[in-house]
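Work through the exercises below with the sequence and the 3D structure at hand. Each task is followed by a solution in steps.

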4 protein chains.
Amino acid sequence: MKKVRAGIVGGAGYTGGELLRWLLRHPSLEVTLVTSESQAGEPYAAAHPGLPGYEGRRFQAYDPERLARECDFVFLAKPQPNSFAQVRALFGRVRLIDLSGDFRLGSPEKFERWYHEKHGAPEFLKEAVYGLPEFLAPELRAARLVANPGCYATGVLLALLPLLKAGLVEPEALVSAVSGFSGAGRTPSSTTTAYSVVDNLRPYKVVNHPHQGEILEVLSRLTGHPLDLEFIPQVAGFERGILEVIFCRFQPDLEPASTADVLEKAYRSAPFVRVHPAGRLPELKGVVNTNFCDLGWQPLKGGRLLLVAALDNLVKGAAGQAIQNLNLMAGLPETAGL
Amino acid sequence: MKKVRAGIVGGAGYTGGELLRWLLRHPSLEVTLVTSESQAGEPYAAAHPGLPGYEGRRFQAYDPERLARECDFVFLAKPQPNSFAQVRALFGRVRLIDLSGDFRLGSPEKFERWYHEKHGAPEFLKEAVYGLPEFLAPELRAARLVANPGCYATGVLLALLPLLKAGLVEPEALVSAVSGFSGAGRTPSSTTTAYSVVDNLRPYKVVNHPHQGEILEVLSRLTGHPLDLEFIPQVAGFERGILEVIFCRFQPDLEPASTADVLEKAYRSAPFVRVHPAGRLPELKGVVNTNFCDLGWQPLKGGRLLLVAALDNLVKGAAGQAIQNLNLMAGLPETAGL
Amino acid sequence: MKKVRAGIVGGAGYTGGELLRWLLRHPSLEVTLVTSESQAGEPYAAAHPGLPGYEGRRFQAYDPERLARECDFVFLAKPQPNSFAQVRALFGRVRLIDLSGDFRLGSPEKFERWYHEKHGAPEFLKEAVYGLPEFLAPELRAARLVANPGCYATGVLLALLPLLKAGLVEPEALVSAVSGFSGAGRTPSSTTTAYSVVDNLRPYKVVNHPHQGEILEVLSRLTGHPLDLEFIPQVAGFERGILEVIFCRFQPDLEPASTADVLEKAYRSAPFVRVHPAGRLPELKGVVNTNFCDLGWQPLKGGRLLLVAALDNLVKGAAGQAIQNLNLMAGLPETAGL
Amino acid sequence: MKKVRAGIVGGAGYTGGELLRWLLRHPSLEVTLVTSESQAGEPYAAAHPGLPGYEGRRFQAYDPERLARECDFVFLAKPQPNSFAQVRALFGRVRLIDLSGDFRLGSPEKFERWYHEKHGAPEFLKEAVYGLPEFLAPELRAARLVANPGCYATGVLLALLPLLKAGLVEPEALVSAVSGFSGAGRTPSSTTTAYSVVDNLRPYKVVNHPHQGEILEVLSRLTGHPLDLEFIPQVAGFERGILEVIFCRFQPDLEPASTADVLEKAYRSAPFVRVHPAGRLPELKGVVNTNFCDLGWQPLKGGRLLLVAALDNLVKGAAGQAIQNLNLMAGLPETAGL
């Protein structure tokens with residue numbers, strides 16, 4: 001069978017390296033072109049010492065013509081700042097999976113509100129499909145531009161969406177989330193040095209993390225109701241993984257036990273969401289280096305419900321979910337290569 | 001000036017080692033006797049390779065007569081299970097600072113509820129003073145038995161007590177707390193292996209951690225009102241430090257800005273509690289290896305208030321606070337040796 | 001094509017978990033039976049929270065009849081103490097890959113010298129083939145019992161063997177090697193606690209680590225000459241990986257540059273050994289979670305040569321190499337599943 | 001007693017922070033002025049969140065007049081590139097302890113050989129006293145400019161000097177040394193990111209690390225003989241500490257047991273060097289956060305000797321040793337504040 005041809009724009013960053021690591025094992029994809037602005041001409045191994053399977057392969061300069069010619073799908077994985085120019089140049093010529101936050105929010109105003117800059121390609125916002133396969137698979141199969149979800153957003157959405165859609169919990173959630181340092185990328189700065197993260201735990205961007213806007217946007221879009229959300233992100237000294245502690249509240253007169261039914265029904269056929277039995281809460285060790293999002297729950301006093309979501313921010317929170325989306329778009333098995 | 005003579009029962013554990021490390025620098029204390037059941041006869045350095053200043057000193061077998069004779073104060077720092085026998089044998093003969101949870105709850109029933117075993121010395125419960133110097137200094141000065149607070153409890157109490165006493169927040173708190181692995185001690189078990197904690201983050205004892213009972217007990221005792229508390233402890237792969245994210249709610253019609261006043265007034269003369277300005281949240285790096293508890297706060301939407309407490313679980317959460325208590329009991333400067 | 005049926009004895013330990021993780025992705029193997037003495041009846045996930053793909057599968061009690069019936073190959077991965085009984089019961093009925101040190105040394109006397117106990121199945125020593133595929137592939141293809149190499153030994157042997165066989169270096173090597181803590185297993189003990197390894201670096205078993213005996217044995221067997229070896233193992237606070245710094249010395253009048261020729265020729269067709277150019281030394285990041293052993297070299301002053309070997313102790317140093325051996329034994333591509 | 005007035009040039013870096021942390025506890029020193037080019041005007045806590053005791057204090061711009069006026073001693077702790085201008089401006093007006101490598105080598109040629117740049121103040125090289133108190137205390141007491149030793153050099157020198165001076169070992173040493181990441185400073189760069197160091201172990205600057213030149217210089221100066229040295233530095237993912245594995249060789253016909261005598265005699269009155277008994281090798285845990293250098297030794301086969309040195313690179317390898325030197329210079333007890 002002819003392999004699907006995939007390219008990466010921004011292959012030298014954390015996410016680019018993770019994409020390459022997983023794509024290598026994908027039985028139906030071929031990596032045809034990987035670009036890097038900062039490391040064009042360098043071998044992949046210069047940026048990713050642990051990356052086997054691409055001996056001799058080198059990053060290329062960004063060239064939209066060549067990408068259009070040599071790829072069926074292109075992952076946009078530039079560390080920063082934006083994918084606007086790439087989407088303008090490539091939309092309609094290849095199918096795009098954008099791992100940045102550029103096309104996750106529904107309007108240029110919302111983008112500006114959460115990212116503090118103008119949106120550079122607002123005409124494509126309506127084309128973007130939010131890449132959460134567990135809820136948007138039909139749309140994703142046909143998508144020409146996928147807005148791949150943020151790492152924090154993935155966990156909170158997978159935990160809350162089924163319960164909100166079923167009317168089981170009130171539209172209110174307080175989230176304390178801890179992420180590994182890879183979430184901040186690997187570009188040298190005062191927040192990515194080993195000094196600042198090792199043996200530390202540090203809240204950051206409290207009340208204005210863009211993933212908060214993303215969660216609000218998607219929940220409102222998919223449930224029809226706004227959510228009252230507080231989101232407290234923290235960065236820790238391990239490389240990978242996110243654990244999210246979510247406090248919410250049952251609608252009055254509801255049976256806590258129905259949580260199990262609702263979650264299990266929602267994810268019965270979802271290959272990458274594992275629902276734990278009541279009271280067994282997930283840990284990072286269960287998800288790191290996998291595309292799983294593990295969900296746990298426990299009823300608390302006074303009608304409260306504790307939800308815990310765990311995932312690998314670089315896999316289900318980025319590269320793995322992007323490949324899962326590509327699988328849907330290309331008509332491949334959803335789990336191929338994962 | 002004659003030095004105060006201090007002894008330690010259980011000197012070979014994590015807390016024992018931390019006590020020794022700090023006591024060495026204490027200008028007014030002399031360590032006269034350190035016992036260890038498991039390592040009697042061994043040099044301190046066998047258990048604590050990083051411990052200078054006690055060359056040639058060896059752990060002794062537990063001997064209450066000798067402790068009574070050679071010490072003015074005794075720290076009870078046995079890793080497990082209980083200090084009951086030691087309190088029975090030593091109460092009234094030396095002044096005791098118990099670092100276990102045995103005397104923190106107000107009744108044998110409550111102890112049994114949270115620790116799942118019978119209390120072995122209930123007649124001493126009424127003698128115990130809870131060792132939170134910022135709120136109980138007068139009682140501590142005269143105490144003969146101090147129940148040194150739990151690590152998690154210290155942070156939550158210091159964050160909430162002033163606001164609850166001032167009537168600023170409602171008696172409700174949702175807490176997500178992450179601790180370094182030293183909180184679990186160093187006795188080999190499936191939860192203390194490097195395998196289980198390194199690069200991991202894992203919720204444990206959710207809804208039944210004994211520190212939850214301790215917080216409820218002390219808040220109710222000191223404010224006169226019960227608290228509605230949820231407490232979600234998690235263990236991470238770093239050695240030291242606790243960061244606690246606390247969601248609470250302002251009483252109606254209150255000015256969020258008064259939070260600063262209340263906290264600053266409460267801790268103006270407290271040498272080890274640092275109140276950050278609104279919106280600047282503490283990080284572990286600011287407290288590790290110190291006796292500080294750093295407090296930060298930020299108003300959220302809808303009348304909610306975020307509080308964050310950071311402390312070193314082995315210092316302000318254990319050995320440092322114990323020494324702070326001894327300083328008060330012995331009439332020394334509260335900061336001596338810290 | 002009918003899949004090869006593989007079993008594991010001792011599936012609940014570190015190595016058992018790593019075997020399962022890799023076997024899941026193996027296209028031509030099927031895991032038919034996994035035993036565990038300590039966790040028979042438990043699901044795999046109880047021991048290995050991060051292990052996908054085996055939902056519902058449970059460890060079985062050790063049962064040689066059933067292993068003989070249901071498996072073509074059996075990995076012996078018991079954490080301790082020995083595989084003697086298993087080899088006695090299964091030899092000749094299934095093909096065995098023993099990941100312990102029991103069959104790596106050539107005589108019961110040598111075993112006793114390095115392991116300080118009697119060998120329990122000396123009659124099988126002559127059947128065992130040392131599982132270093134880069135040098136013993138023909139023998140391995142036919143082997144009925146493979147002694148899978150030790151983690152430290154793998155790196156030192158791959159670095160030294162070609163140079164010694166080519167007569168390029170003198171038979172003398174001084175090795176300083178640092179390993180991640182997974183090398184010590186996950187059975188709770190004073191050396192596997194997080195307390196003892198995190199943020200630490202500690203020499204251990206200096207001058208009597210059994211891998212020293214193993215290196216001596218194999219080098220002597222494969223080169224015909226004894227080696228003068230010093231081996232200083234150290235354990236660090238990261239989970240995976242070994243980096244070995246090897247000082248040796250060129251034979252007089254030899255061109256250092258021929259090192260490149262010799263190493264490249266030796267490993268030209270070895271899929272898992274990567275020889276770096278002179279002066280570019282390997283790092284752990286390049287090998288962790290892969291089956292690669294990376295080799296680097298640099299001529300030093302006075303005829304000395306520096307060699308550096310890096311590998312993942314759980315993969316090329318244990319489970320990965322075991323699968324590589326099985327691939328050879330079963331006539332599969334050497335890289336299958338790796 | 002009037003306190004000695006100490007200043008720091010370059011207080012916002014790793015070493016500056018460590019100096020402040022220790023100076024706070026020093027009973028006889030007062031920190032009068034701390035400068036930072038990058039953070040002048042900022043509070044100390046902005047650069048060092050964990051630094052108590054200096055509330056309200058701010059970094060000042062570099063001003064040699066003010067330093068000369070307000071300080072008796074000045075630590076030069078600029079992260080980079082050189083202290084030449086500061087030494088020119090301040091020499092003779094205050095007593096200087098330079099923590100850079102600028103004045104450790106004996107000639108401008110040697111400096112250029114190892115640092116690849118011209119020496120900017122060669123006329124002061126002859127004024128500089130190498131700050132190794134265990135061997136140069138008399139010179140240090142009178143010094144006006146101290147070249148504080150490099151972290152790696154401190155351990156190798158303390159291990160080798162007594163044995164070489166006693167003629168016990170041949171002038172040849174092979175060193176494999178692992179350092180925590182703090183050795184590379186905290187200025188953001190591709191080698192100080194968490195990405196590049198966490199869970200990694202990486203050789204760097206092999207055969208041309210400047211500390212190799214420093215060891216050669218000092219050994220030759222203090223023993224009268226050149227040393228044949230190989231030095232293989234490696235950086236690991238923990239913050240603090242250096243462990244050095246040193247292979248050397250006994251002079252013919254010497255008793256290995258005399259190693260103990262020589263080392264113990266050399267350090268009998270050295271408060272910060274601890275000699276372990278034969279075969280008990282030091283670990284990082286024994287020295288981190290202390291000013292100790294621990295030395296261990298073990299005779300090997302064929303007349304070889306293994307030496308192991310452990311120290312905290314930020315303390316005995318930098319700030320602690322600098323304070324030890326100041327103590328000598330100021331006529332204070334050598335251990336004051338340490």
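In this predicted model, helices α7(D) and α10(D) are roughly perpendicular to each other. The first exercise starts from there.

**Exercise 1.** Describe how α7(D) and α10(D) cross, and state which residues meet.

Solution. 
- Step 1. Locate the helices: α7 of chain D covers residues 151–165, and α10 of chain D covers residues 258–267.
- Step 2. Take the distance and the angle. The two axes come within 9 Å and cross at roughly 115 degrees. Angles of 65 to 115 degrees count as roughly perpendicular, so that is the term for α7(D) and α10(D).
- Step 3. List the residues. From α7(D) come D:Leu157, D:Leu158, D:Ala159, D:Pro162 and D:Leu163, and they meet D:Thr259, D:Val262, D:Leu263, D:Ala266 and D:Tyr267 of α10(D).
- Step 4. Sort them by class: the contact of α7(D) with α10(D) has nine nonpolar residues, one polar and no charged.

**Exercise 2.** At what angle do α7(B) and α10(B) pack, and how far apart are their axes?

Solution. 
- Step 1. Helix α7 (residues 151–165) and helix α10 (residues 258–267) of chain B pack at about 115 degrees, and their axes are 9 Å apart.
- Step 2. This angle makes α7(B) roughly perpendicular to α10(B).
- Step 3. The hand of the α7(B) and α10(B) crossing is right-handed.
- Step 4. Among the residues making the contact are B:Leu157 and B:Pro162 of α7(B) and B:Val262 and B:Tyr267 of α10(B).

**Exercise 3.** Describe the crossing of α5(A) and α9(A), and sort its contact residues by class.

Solution. 
- Step 1. Helix α5 of chain A spans residues 108–115 and helix α9 of chain A spans residues 210–223; their axes come within 8 Å and cross at roughly 145 degrees.
- Step 2. The crossing of α5(A) past α9(A) is right-handed.
- Step 3. On α5(A) the residues are A:Lys110, A:Trp114 and A:Tyr115; on α9(A) they are A:Pro210, A:Gln212, A:Gly213, A:Leu216 and A:Glu217.
- Step 4. The classes in the contact of α5(A) with α9(A) are four nonpolar, two polar and two charged.

**Exercise 4.** Characterise the interface of chain C and chain D.

Solution. 
- Step 1. Count the residues in contact: 36 from chain C and 36 from chain D.
- Step 2. Between chain C and chain D it is about 3200 Å², with 62% from carbon and sulfur atoms.
- Step 3. C:Leu201, C:Lys285 and C:Arg304 supply 18% of the area that chain C buries against chain D, more than any other three residues.
- Step 4. Count the salt bridges: the rule finds 12 across the interface of chain C and chain D. One of the salt bridges in the model joins the side chains of C:Glu283 and D:Arg202 (4.0 Å, N to O).

**Exercise 5.** How many salt bridges are counted between chain B and chain A?

Solution. 
- Step 1. The count between chain B and chain A is 12.
- Step 2. For a named pair, take A:Arg202 and B:Glu283, whose side chains meet in a salt bridge at 3.9 Å, N to O.

**Exercise 6.** Where in helix α3 of chain B do B:Glu70 and B:Arg66 stand relative to each other?

Solution. 
- Step 1. B:Glu70 and B:Arg66 form a salt bridge, with the closest N and O atoms 2.9 Å apart.
- Step 2. Both belong to α3(B), residues 64–70; because they are four residues apart, about one helical turn separates them.
- Step 3. For context, the structure holds 88 salt bridges over all chains.

Note on methods
Residues are numbered from 1 along each chain as its sequence is written. Chains are lettered from A and ligands numbered from 1 in the order in which they are written. This is a predicted model: local features need pLDDT of at least 70, side-chain atom pairs count only at pLDDT 80 or more; totals for chains, interfaces and linings use all residues. Side-chain values use heavy atoms; hydrogens and water are left out. Axes are lines fitted to C-alpha atoms, for helices over the stretch in contact, and angles run from 0 to 180 degrees between N-to-C directions. Helices (H or I, at least four residues) and strands (E, at least two) are DSSP runs, numbered from the N terminus. Angles under 35 degrees count as roughly parallel, over 145 as roughly antiparallel, 65 to 115 as roughly perpendicular and the rest as oblique. A crossing is left-handed if the near helix is turned anticlockwise from the far one by less than a right angle, and right-handed if clockwise. Contact means heavy atoms within 4.5 Å. Buried area is the accessible area (1.4 Å probe) that two parts lose on being put together, summed over both. Ala, Val, Leu, Ile, Met, Phe, Trp, Tyr, Cys and Pro count as nonpolar, Asp, Glu, Lys and Arg as charged, and the others, Gly among them, as polar.
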